[in-house]
Amino acid sequence: MTDSLSSEKTVSLETPGGAAARSPRLHWEAGSAYDLFISQVVLHAPERFGLRASWAAGVRSRLPAEARQALETARLLFGAPLHWIHALPQPRDAASALWVLHQMLPEERLPRLALYPEMNPELQEMLQNVAARRSWMERDLEVLHEARCQERREALRPKPAASILDAWAQAGAFGEAYLAALRTYQQVFFAEEEQRIRLALQAALEQAQLLAQELELPEVLERLSRGVQIPDLFEKEDLTLVPSYWGAPLIFLGRLSASHTLLAFGARPANVSLVPGEWVPEALVQALKALADPTRLRILRYLAGEPLSPTELSRRLRLRAPTVTHHLSALRLAGLVHLTLGPRGERDYSARLEAVYALRQQLQEFLEDEGQEGDKL
């Protein structure tokens, strides 16, 4: 996981018993502004999304040092602010996002982007107090750590925590630096990328809408997210689905209100690489990498028999829990496992055997595709 206070999560959940009979009202939305922000999350944590770190570093190196620093700090503060993007005017593109940010006072930008619905009230009050007095204390650091552990069950490292509080203590200066950095990012990279992904986003939205006409919502979500089912969504009154090119193969969840959730699903086809010009299917590479490891093969064999938690797998494999979690993350990224999250955060994994069986067909189709660009004598 990355150190961030954002409201979005990139997790995959499934309930063994299936979703409740009740379904939320379904809404659809699209806009390249989502990828304006999600692409920055991916570029700053490429290994988490299966992206080549060297290529991501090359994109970041096109930005001036001060812009890189501002965007890295923004990743810690709010990542992809889905609740804020959802409120943008149509067509919810990069220009819309930049225009709305420009209309705000510099000191308003950080609170608008970072304070999301359902945020821990004590954390929200602390951050607003830090901004008001333009300084932070040790107690503020403790509140930040406590809130992080409660919400994400992981500690925030000292340096990122200090960066978060420093930004809130200088909210006006951060607001100025961030808008300048976002404009630079748009100019040197995302403007061209926005044109490349626009048709894919529209196609993914249309395909998802057709799928929703044919299938029940739990199966729709499973198809769109490569094995994800989220039981909590069926307790909500409203669900908004949004395609994201850069978020694939994971999903992003945002809280719009206590009864309304936004889910950004992968809009990039499995046979298309995130890196322009690469013709080897990214999903195929991830799956083959995941399977080319004896520990992961053993994990899949165990999970094919029954759902297991990371702790249970650690005992069977006689490996440390962080090592097992690392292997499970690689399998999830390849779409080869389901993850079940219980009401108290407990996790169970199971094998996604249909994806394993489909891998052979994907490899065969790739090898037999004469239309792909390759080395030809």
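Contact here means heavy atoms within 4.5 Å. This is a predicted model, in which local features need pLDDT of at least 70, side-chain atom pairs count only at pLDDT 80 or more, and totals for chains, interfaces and linings use all residues. Residues are numbered from 1 along each chain as its sequence is written, and side-chain values use heavy atoms, with hydrogens and water left out.

**View 1. Ala 351 in strand S6.** Ala 351 belongs to strand S6, residues 347-351. Helices (H or I, at least four residues) and strands (E, at least two) are DSSP runs, numbered from the N terminus. Which residues does Ala 351 touch, not counting those up to four places away in sequence? They are Leu 300, Leu 303, Ala 304, Leu 336 and His 338. Ala 351 is buried, as its relative accessible area is 13%. Buried means under 20% relative accessible area, exposed over 50%, and partly exposed in between (1.4 Å probe, protein chains only). Ser 259 lies 92 residues from Ala 351 along the chain, and their C-alpha atoms are separated by 31 Å.

**View 2. The whole protein.** The secondary structure comes to 16 helices and six strands. The radius of gyration is 21 Å, close to the 21 Å that the globule rule gives for 377 residues, so the protein is as compact as a globular protein of that length. That radius is taken over C-alpha atoms, and the globule rule is 2.2 Å times the number of residues to the power 0.38. Along the principal axes, the C-alpha atoms fill a box of roughly 60 × 50 × 40 Å. Of the 377 residues, 51% are buried. Among contacts between residues at least 6 apart in sequence, 70% join residues at least 24 apart.

**View 3. The four-stranded sheet.** Four strands form an open sheet with mixed pairing, in the order S1-S2-S4-S3. Strand S1 (25-28) and strand S3 (252-257) are the edge strands, each pairing on one side only. Neighbouring strands are turned by 25° against each other on average, direction ignored. Two strands pair if DSSP finds at least two bridges between them. Strand S2 (residues 238-244) and strand S4 (residues 260-266) pair in the parallel sense over seven bridges. Ser 244 has Gly 266 in S4 as its bridge partner.

**View 4. Helices across the sheet.** Helix H1 (residues 33-44) lies across S2, S3 and S4, at about 70° to S2. Helix H10 (residues 171-214) lies across S1, S2 and S4, at about 160° to S1. Axes are lines fitted to C-alpha atoms, for helices over the stretch in contact, and angles run from 0 to 180 degrees between N-to-C directions.

**View 5. Helix H9 and its packing.** Helix H9 (residues 158-169) has 12 residues and reaches 16 Å from its first C-alpha to its last, close to the 16 Å expected at 1.5 Å a residue. The expected span is 1.5 Å times one less than the number of residues. Its buried residues are Pro 160, Ala 161, Ile 164, Leu 165, Ala 167, Trp 168 and Ala 169. They pack against helix H3 (65-77), helix H6 (106-114), helix H7 (121-133), helix H8 (138-152) and H10. Thr 73 is found in helix H3. Thr 73 is buried, with a relative accessible area of 11%. Not counting residues up to four places away in sequence, Thr 73 touches Ser 163, Ala 167 and Phe 174.

**View 6. The loop between H4 and H5.** Arg 92 sits in the loop between helix H4 (82-86) and helix H5 (94-103). Is Arg 92 buried or exposed? At 11% relative accessibility, Arg 92 counts as buried. Its side chain reaches the backbone oxygen of His 86 at 3.2 Å. Leaving aside neighbours within four places in sequence, Arg 92 has contacts that include Glu 29, Tyr 34 and Ile 85. Arg 92 is not a glycine, yet its phi is positive, about 50°. Pro 91 is in this loop too, and the peptide bond from Gln 90 to Pro 91 is cis, with omega near 10°. Most residues other than glycine have a negative phi, and most peptide bonds are trans.

View 7. The 13 residues of helix H15 (residues 321-333) should span 18 Å at 1.5 Å a residue, and the end C-alpha atoms are 18 Å apart, which agrees. Among the buried residues of H15 are Val 324, His 327, Leu 328 and Leu 331. Arg 318 is in the loop between helix H14 (310-317) and H15. Arg 318 counts as exposed, at 78% relative accessibility, and has a positive phi near 60°. Gly 335 follows H15, with a positive phi near 75°.

Notes: A polar contact is a pair of N or O atoms within 3.5 Å; within protein, one must be able to donate a hydrogen and the other to accept it, and residues adjacent in sequence count only if both atoms are side-chain atoms.
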